[in-house]
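Trainee: May we go through the terms used for this model and ask what stands behind each of them?

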Amino acid sequence: MIALEGVSKIYPKQSKPAVTELNLQVPEGAIVTLIGPSGCGKTTILKMMNRLIEPTTGRILLAGEDVTDANGDQLRRRIGYVIQQVGLFPHLTIADNIAVVPKMLGWDKRRVTSRVDELLHLVGMEPGDFRDRYPRQLSGGQQQRVGVARGLAADPPVMLMDEPFGAIDPITRERLQDEFLEVQRQVAKTICFVTHDLSEAVKLGDRIAVFAARGRLAQYDTPSEVLAHPADDFVAEFVGSGAAVRRLSLLPISQLELAEIVISGAGAAAKDRPVLSVDDAGRPSAWHHVPGSERRPALVTVPLSATVYEAVDVMLDGHAPVVVVVDDDGQPRGALRWDSLVADLRPNGQPR
Amino acid sequence: MTAAAPGWIRRNRDLVAAPVIVVVGLAVVLLYTTNRQLDSVEQRALDPSYLWARFGEHIWLTVASTVVVIILALPLGIALSRPAAARIRTGTLAFGGFMQALPAYGVIILLAFLLGFGTTTAIIALVLASFLPVLTNTVVGLLQVDPALIEAARGMGMSARQTLLRVEIPLAVPVMVAGIRVALVLNVGTATLATFIGAGGLGEPISSMLYLGRGQAVLVTSAIVAALALLIDWLAGVAERLVSGRLG
Amino acid sequence: MGSYLRYLSENATELIFYAQQHFLLVGYSVALASVISLVLALVLHTNQLTPPSWRRSLQVGSRETALLFASAALTIPSLALFGMLQPLLGLGVTPSIVALTLYAVYPVLRNTLAGLSGVDPAVLEAARGVGMGPVRRMLRVQLPLAWPVIISGIRVAVLIVISIAVVAAIINGPGFGKPLQDGLARLGAVNSFNEVITGTLGCLLVAAGYEIVFALVRRLTTPRGIRV
């Protein structure tokens with residue numbers, strides 16, 4: 001857990017402070033994303049947490065301990081730090097790069113080596129392949145994975161990340177985000193994550209801290225709360241008009257009640273329910289009959305593990321008013337209808 | 001060079017050129033002179049043991065001065081590259097750049113007037129003459145280290161000193177070595193002028209033959225010195241290549 | 001100090017003469033070297049003389065080779081180079097200019113090549129797109145954009161040559177080497193130290209003169225858009 005109490009930053013030549021009297025507590029094991037417009041001070045705030053920038057007033061607490069006046073270098077060895085440009089040392093191998101902090105802390109050689117391998121596995125890179133390579137031989141995505149591994153190397157309780165995926169192409173970025181969430185599931189670190197991308201903040205954050213100009217904390221809450229109930233006009237505008245649609249990505253389909261469907265030829269009477277044809281493996285092959293539609297709509301499916309956002313996306317793409325929800329084996333579990341989806345969602349985004 | 005040659009030969013083929021030039025050049029000069037007869041004066045100047053003694057003096061002058069320059073200019077360069085020195089940095093370097101116009105020949109003689117003739121004075125003059133390239137390159141080499149790397153290092157908990165020693169200096173070494181190479185070659189050249197203040201060296205046969213008007217001997221002795229300079233530059237180039245190769 | 005000022009006033013005409021000589025010696029050598037380097041660089045850069053299939057490997061190779069030879073000249077100690085030229089070209093002005101020109105080629109050539117290849121390819125592409133032929137592209141676009149780098153190379157060459165030019169006195173060359181050598185030869189005589197100081201500091205004077213020249217040239221010839 002890391003906390004800022006009454007922290008301000010005033011630069012000598014400027015009349016107004018960059019950050020004013022900030023109180024922010026990051027709960028243990030949570031990812032908090034810091035987001036706000038350029039120049040709002042979010043990176044400054046992040047850097048004050050490990051005192052790369054010294055606060056002018058206020059205290060910094062690491063797991064309850066006041067570290068405001070502690071030795072800066074030693075403090076930073078207890079906090080993981082990952083930056084956008086990665087900053088892998090080009091003259092060291094990948095293994096040596098990851099091993100920097102453990103070696104500084106005096107770990108013995110065997111422990112360091114096994115830790116390096118463990119971390120490379122964790123970020124999905126085969127140690128045998130990558131230990132002895134140099135950063136210039138790696139792609140941008142691979143470098144950033146190593147950057148994350150390097151941050152985790154000494155097993156710090158807290159990690160600070162400054163737009164780590166900012167310089168990566170969108171496709172790789174999405175993959176890195178998913179892998180990052182998976183890693184966090186395993187290591188459960190306390191993480192402070194600066195980003196300027198609202199979708200990333202919503203996707204990764206357990207809590208979002210929205211900052212306005214001069215480091216003013218406008219709202220600090222769960223993503224769905226921030227999207228559904230912006231605290232003031234600034235947050236509302238920042239979150240933008242797409243908030244309602246974005247909220248759909250926070251709704252798992254598994255939490256909704258699905259419309260029943262009937263498998264054609266299974267013997268049950270259709271009544272008013274949609275009828276689905278399946279193939280030999282039991283997977284949906286085509287619609288037999290959908291009540292309320294003149295023609296049979298195109299068949300589109302969405303996995304049960306997906307969110308309502310994906311369901312809507314798939315229906316729009318296929319021009320279909322109804323989508324079949326399938327489980328991991330491809331077996332149909334139910335359907336979602338477009339009209340009932342929109343009508344039955346409460347204004348606050350809660351399912352029926 | 002075919003694709004069959006090993007990678008490192010292909011990548012370094014420019015380094016083969018220098019020794020080739022030296023060997024060819026020396027051969028041409030020697031062929032030219034063996035066609036003519038050398039008189040006794042010239043023969044004395046080209047006597048191997050005499051030349052060898054001068055060679056020894058020359059090497060000593062070169063190496064001693066280069067070592068001293070490294071000892072003095074590297075720490076100063078490191079100090080100048082630190083943020084605290086930012087204000088005096090441009091001024092110092094600009095002043096140094098302008099001082100390149102100061103003739104080494106003049107400095108050597110001036111120092112001899114002030115400090116007396118001899119090897120020590122010569123070494124001091126050589127140090128002054130080759131100080132700037134090492135200083136400039138050290139500063140530039142350190143300044144061009146990617147700031148993101150320094151931020152990553154400090155962010156991980158490396159102290160300023162550790163960052164300098166483990167990150168900045170290793171990455172600046174190729175540029176620093178290039179500067180040392182320039183200083184080395186410069187010193188080989190300036191050491192030829194050391195003869196004028198009684199420090200010996202390979203400049204002695206050249207100047208004495210010039211004074212006595214023995215063109216052929218001048219040619220041969222000059223060619224020998226030129227060959228030596230090119231060879232030392234080549235060795236330094238190889239060392240430079242090895243150093244940067246290891247650091248990618 | 002007083003005696004030095006007296007020395008200066010007594011020998012004013014002579015010293016001014018040396019200054020002029022030194023200035024011109026450097027000027028001719030560097031100018032000559034610049035012309036050679038420019039022509040060489042243009043040939044190497046565009047390489048119109050080789051068949052297209054050879055072009056790439058030969059072009060890169062010959063550029064490096066040219067730089068190699070040029071740097072070899074700079075590596076040869078000045079005394080040795082003057083010494084090697086003496087049997088061939090005798091004494092006096094000619095071998096001095098030849099030697100100094102050889103020295104000046106490397107910095108100018110290196111900067112010219114770097115400047116030409118440092119021009120943004122997109123700009124050249126645009127020039128080609130509006131229908132500029134190769135000659136016009138070079139003259140109107142590439143050279144002007146490379147000019148600051150080239151000028152800086154010429155400036156470095158000037159400083160180096162000013163310093164080496166004093167050694168030309170060994171072969172009776174002109175310039176501030178003469179008072180330097182005289183002072184050395186007449187060690188102990190009344191003005192010997194003054195002569196040595198003058199020879200040495202005179203070079204700085206010439207350098208200052210050239211700094212003014214360069215400031216003017218830079219101002220006048222750098223296109224307004226890229227003036228820093």
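Predicted model: local features only at pLDDT ≥ 70, side-chain atom pairs only at ≥ 80, totals over all residues.

Mentor: Residues are numbered from 1 along each chain as its sequence is written, while chains are lettered from A and ligands numbered from 1 in the order in which they are written.

Trainee: Why is α6(B) called oblique to α7(B)?

Mentor: The axes of α6 (residues 104-115) and α7 (residues 119-143) of chain B come within 9 Å and cross at roughly 140 degrees. Angles under 35 degrees count as roughly parallel, over 145 as roughly antiparallel, 65 to 115 as roughly perpendicular and the rest as oblique; therefore α6(B) is oblique to α7(B).

Trainee: What is the make-up of the contact of α6(B) with α7(B)?

Mentor: The residues divide into 11 nonpolar, 1 polar and no charged. Among those that meet are B:Leu111 in α6(B) and B:Leu128 in α7(B).

Trainee: What makes α4(C) mostly covered?

Mentor: A residue is buried if 20 or more other C-beta atoms lie within 10 Å of its own, exposed if 12 or fewer, and partly exposed in between. In α4(C), 10 of its 12 residues are buried, including C:Phe82 and C:Met84.

Trainee: How many residues of chain A are in contact with chain B?

Mentor: Contact requires C-beta atoms, placed from the backbone, within 7 Å. By that criterion, 18 residues of chain A are in contact with 15 of chain B.

Terms used: Contact = placed C-beta atoms within 7 Å. Axes fitted to C-alpha atoms, helices over the stretch in contact; angles between N-to-C directions. Helix = DSSP H or I, 4+ residues; strand = E, 2+ residues; numbered from the N terminus. Nonpolar A, V, L, I, M, F, W, Y, C, P; charged D, E, K, R; others polar.
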